[in-house]
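Work through the exercises below with the sequence and the model open. Each task is followed by a stepwise solution.

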Amino acid sequence: MKTPTIEIKGLVKHFPIKMGFFKTLRAKIVPEVHAVDGVSFRVDKGEILGLVGESGCGKTTTGKVLVGLIPPTQGEVFFEGTKLASFSEKELRKLRRKIQIVFQDPYESLDPRMSVFDIVAEPVRIQKVAKNETEVGEMVRNALEEFDLVPPEEYMYRFPHELSGGQRQRVSIARAFILNPDFLVADEPVSMLDASIRSEVLKLLLSMQKKLDTAFLYITHDIALARHMCNRIAVMYLGKIVETGNTDAVILKPLHPYTEALIAAVPVPDPTARRIRVTIKGEVPSAINPPPGCRFNTRCPHAMEICRKKEPPLEEVSNRMVACFLHTKKAKK
Amino acid sequence: MALLDVENLKMYYKILRGEVKAVDDVSFEVIAKESLGLAGESGCGKTSVALTLLKLLPWNAKIKGGTIRLTGEDITRMSDSELREKIRWKRISMIFQGAMNALHPTYTVGHQITECILKHENVTKDEALERATKLIELVGMEPERVQRYPHELSGGMKQRAVTAMALACNPDLVIADEPTTALDVIVQAQVLEVMKDLRHRLGVSMLVISHDLALIAETCDKIGIMYAGKIVENGDVKYIFKEPLHPYTTKLVSAFPSVIGPKTELSSIHGFPPDLLKPPPGCRFHPRCEHAMDVCRQKEPPLIQVSNRLVACHLHGGKEA
């Protein structure tokens, strides 16, 4: 088996809740938000993994831990077989050249006081990849051209407020790709864009990814878009992966009741196929006190006795991994 | 007769640099008990249409022409007090965009629903509260929730509460402006289900405004596609999604991915929507259109009947003429 570009094992990230001084004196334990609770997956070279889930399920936190923006509470991240934690600060900085991220909101992720040129050139300058400023200019120009911001001269000296949403997002993608990263995290890169512009940006992302054979983690709440973009998907619920496998296999025949509900809830742009079916009730419980046993048991239509007591392990069931007693039991029989 | 008949409606915003033609010659109708979806990208004027229907406009907005007839009565000619007494909430109510944040944080949900009943109808406080409780139950919440403050409710609950409020005075038409943005898919599906169910049970008409074509496909009978302040195609959802005629509709429909059926390539439209201060001459879509002809740059295509719908495109107007 070849080494995956990125692999995480048992990733846990808890955020302590901020309390006032007097409250901390009285509190026995500091309550924590269990943002990510034991997540493992790998992304191979040239592969696109979609991380799908509702807001608050921990998908963005996972992405941030992967690129090293926040340290994990527990668990390990391996980049090309080496533990990230074993790197020194200096080595990490070098490594960041190979790991890049595109953020959700192009209105907030670009410095309003930097020109497009400076924004795109920033990683080149920090990593000291270019010999001199002319080379930096050359690289920036190529990157802008690559992402359809042509002629580059017209966009280079503009500031973010002079660009449309789609153009801004292309700038931040150009910035992420300028150092030819081996691993890219894209956190909802098109959720703020209009439909007509969305697919243009996605196409650019995909063609670049193919060209560089980047390992790609695509984080999204939109399972329909994930179907279009990804080779594999992982569905998250309250900090855990509940189902993961080949995109088509999972979407056409979901096994976990949550995945099933998620797919059934997505509106379909075809009036003859009207079929919104709400199979589950209520809303996501709080991540401060996640329910015991299977985290989905409070909303699951098939919840059994065991689901309330024991946590289902993520096990292989017919061409995918599922964490649900409905299926793991069958597999054992 | 149509419940709501909008004809040649024009509404411009006046700003220092000129006039923003946000709604420009828009005509459509909503038939009783039917739901119409107005779809389009951000800035195409769909919310402006909704606000004009209730005349909830800022000081710099002017209705420049056209009529809005609600069962024959012209709303554009009514004074503010007449509108308040006869139309708003009693006949047309609205679920505002970001409705979750439209609730007042320091009053209970029940108080806010009774307030609008008391303002519009001659009933006692107790009767109003009783009605509010019934409405809350109607949208699938426990009746105790009337005593709750907005911060004690989740996003989906707040959305339901606002929906209940819109139904408080038994209106004929409910305008829902992006009723489910900011909600997660599963909660969105729950809210949509409630809205659909209510529509059938109470027989209210709806005008749903959304950028999400998939949402309109699931909830509406008719759809009007807006682009740069104009309606470019209008008709039955079944026909329009199956066989869109206007090039903009075609692109927009295929820009939405689906979780069912075969995977299709997502289309995109090059460029961006025009500046409504100076919209392009002729057809407003021509700078981005793949089929643009000479006539498109010069003459504005009228919205005309083509087979089973209305289209404003020279490609299809020619065949009929």
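**Exercise 1: a strand in chain A**

In this predicted model, A:Gly50 of one strand stands opposite A:Ile233 in S9(A).

Task: Work out which strands pair with S3(A) and in what sense.

Solution. 
1. S3(A), residues 48–52, and S9(A), residues 232–237, are joined by four bridges in the parallel sense.
2. Next take A:Val52, which has A:Thr220 in S8(A) as its bridge partner. S8(A) covers residues 215–220 and runs parallel to S3(A), with five bridges between them.

Task: Decide which residues of S3(A) are buried on each side.

Solution. 
1. A residue counts as buried with 20 or more other C-beta atoms within 10 Å of its own. Five of the five residues of S3(A) are buried.
2. One side carries A:Ile48, A:Gly50 and A:Val52; the other carries A:Leu49 and A:Leu51. Both faces of S3(A) are therefore covered.

**Exercise 2: a helix in chain A**

Task: Find what covers the buried residues of H4(A).

Solution. 
1. List the buried residues of H4(A), residues 116–127: A:Val116, A:Phe117, A:Ile119, A:Val120, A:Ala121 and A:Val124.
2. Their cover includes helices H5 (133–146), H6 (152–156) and H7 (165–177) of chain A.

**Exercise 3: chain B as a whole**

Task: Judge how compact chain B is for its length.

Solution. 
1. Chain B has eleven helices and twelve strands.
2. Its radius of gyration is 20 Å, close to the 20 Å from the globule rule for 321 residues, so chain B is as compact as a globular protein of that length.
3. Of its 321 residues, 48% count as buried.

Definitions and conventions: Residues are numbered from 1 along each chain as its sequence is written. Chains are lettered from A and ligands numbered from 1 in the order in which they are written. This is a predicted model: local features need pLDDT of at least 70, side-chain atom pairs count only at pLDDT 80 or more; totals for chains, interfaces and linings use all residues. Helices (H or I, at least four residues) and strands (E, at least two) are DSSP runs, numbered from the N terminus. The radius of gyration is taken over C-alpha atoms; the globule rule is 2.2 Å times the number of residues to the power 0.38. A residue is buried if 20 or more other C-beta atoms lie within 10 Å of its own, exposed if 12 or fewer, and partly exposed in between; C-beta atoms are placed from the backbone. Two residues are in contact if their C-beta atoms, placed from the backbone, lie within 7 Å. Two strands pair if DSSP finds at least two bridges between them.
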